[in-house]
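Subject: Structure handover

Hello,

Here is the structure for your files. My notes on helix packing, the pocket and the backbone follow below it.

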Amino acid sequence: MKAIAIYAEGGGDHPGPELRVGFDTLLRAQKEAARARKLRWRMVLCGGRKATCDAFLDAVRTELEVVNVLLVDSEGPVAAETGDERNDAAVRCQHLRTRDGWNLDGVDAQRIHLMVQCMEAWIVADPEALTSFYGQHFNANALPARQNLEEEPKQDLYDKLDRATGNRRLTKGRYGKIRHASELLKRIDPAKVAVRCPRFATFTRWLDATIAGA
């Protein structure tokens, strides 16, 4: 094992460096741990879901000394985790096989991870960071109140985030993925995300263990 490469969904049709920097900042602890063990770290933003999966599968076939990781939205509900790492990984894989029709045969299921139900669940897990970013007219009370944000339907989460940023006096305007996600990912506290997004906790815990065992 010489490197870790995370193939992540996002960034639009022509991903720029901004979202990659956002993810890198959110995963700063894991990136620094990897570098401390002389492992190369790559965050690869691939745009859409299919392009991300295709790039990941190609890397799995051709980069045998790299731990290649897939990170995509689930786009919908997924069965609650059981705490059994192998079983939970199999559930993630089966979700993508069923929903997207992806052939993941021969892929280590523990290298496949989900943002549930969308990346914005990670963002709204830290209302304080959003309040700091948007300013005094941000309506934090409009954000999802439930503890487990992975249970929040995707459209409901988008609607509540839209209401939270709907005040016309906000200088930054309404939330927009292209405009704001990169900066917000740099600001949110990963510890808060782990508390309210169980699969983020699973993802970072797996990364920690993989790096420590390299």
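This is a predicted model: local features need pLDDT of at least 70, side-chain atom pairs count only at pLDDT 80 or more; totals for chains, interfaces and linings use all residues.

Helix 1 and helix 8 cross with left-handed geometry. Helix 1 covers residues 17-26, and its axis comes within 7 Å of the axis of helix 8, with a crossing angle of roughly 15°. Angles under 35 degrees count as roughly parallel, and helix 1 and helix 8 are therefore roughly parallel to each other. On the helix 1 side the contact is made by Glu18, Leu19, Val21, Gly22, Phe23, Thr25 and Leu26, and on the helix 8 side by Ala181, Ser182, Leu185 and Lys186. By class, the residues of this contact are 6 nonpolar, 3 polar and 2 charged.

Helix 8 also packs against helix 6. The two helices span residues 177-187 (helix 8) and 127-134 (helix 6), and their axes come within 10 Å and cross at roughly 125°. That angle makes helix 6 oblique to helix 8. The crossing of helix 6 and helix 8 is right-handed. From helix 6, the residues in contact are Ala129, Leu130, Ser132, Phe133 and Tyr134; they meet His180, Glu183, Leu184 and Arg187 of helix 8. This set divides into 5 nonpolar, 2 polar and 2 charged residues.

A further pair is helix 2 with helix 10. The axis of helix 2 (residues 28-36) comes within 10 Å of that of helix 10, and the two cross at roughly 10°. Helix 2 and helix 10 are therefore roughly parallel to each other as well. Gln30, Ala33 and Ala34 of helix 2 make the contact with Thr204, Leu207, Asp208 and Ile211 of helix 10. Sorted by class, these contact residues are 4 nonpolar, 2 polar and 1 charged.

The largest pocket holds about 220 Å³ of space. It is lined by 13 residues, of which Glu85, Gln110, Thr202, Arg205 and Trp206 are the closest to its centre. Which helices each supply at least two residues of the lining? They are helix 4 (85-100) and helix 10 (198-212). Helix 10 gives the largest share of the lining, 5 residues. The classes in the lining are 3 nonpolar, 5 polar and 5 charged residues.

- The peptide bond from Val116 to Gln117 is cis, and its omega is near -10°. Gln117 sits in the loop that runs between strand 4 (112-115) and helix 5 (120-124).
- Lys38 has phi near 65°, which is a positive value in a residue other than glycine. Lys38 belongs to the loop between helix 2 and strand 2 (40-45).

To recap the packing, helix 8 is roughly parallel to helix 1, while helix 6 is oblique to helix 8. Helix 10 contacts helix 2 through Thr204, Leu207, Asp208 and Ile211, and Thr202, Arg205 and Trp206 are among the residues closest to the centre of the largest pocket.

Regards

Key:
Residues are numbered from 1 along each chain as its sequence is written. Side-chain values use heavy atoms; hydrogens and water are left out. On a 1 Å grid over the protein atoms alone, a cavity is a set of points where a 1.4 Å probe fits but cannot get out, and a pocket is an open set with protein on both sides within 12 Å along at least five of seven lines; lining residues have an atom within 4 Å of a point. Grid points are joined across faces, edges and corners, and a volume is the space filled by probe spheres set on the points. Helices (H or I, at least four residues) and strands (E, at least two) are DSSP runs, numbered from the N terminus. Ala, Val, Leu, Ile, Met, Phe, Trp, Tyr, Cys and Pro count as nonpolar, Asp, Glu, Lys and Arg as charged, and the others, Gly among them, as polar. Axes are lines fitted to C-alpha atoms, for helices over the stretch in contact, and angles run from 0 to 180 degrees between N-to-C directions. Angles under 35 degrees count as roughly parallel, over 145 as roughly antiparallel, 65 to 115 as roughly perpendicular and the rest as oblique. A crossing is left-handed if the near helix is turned anticlockwise from the far one by less than a right angle, and right-handed if clockwise. Contact means heavy atoms within 4.5 Å.
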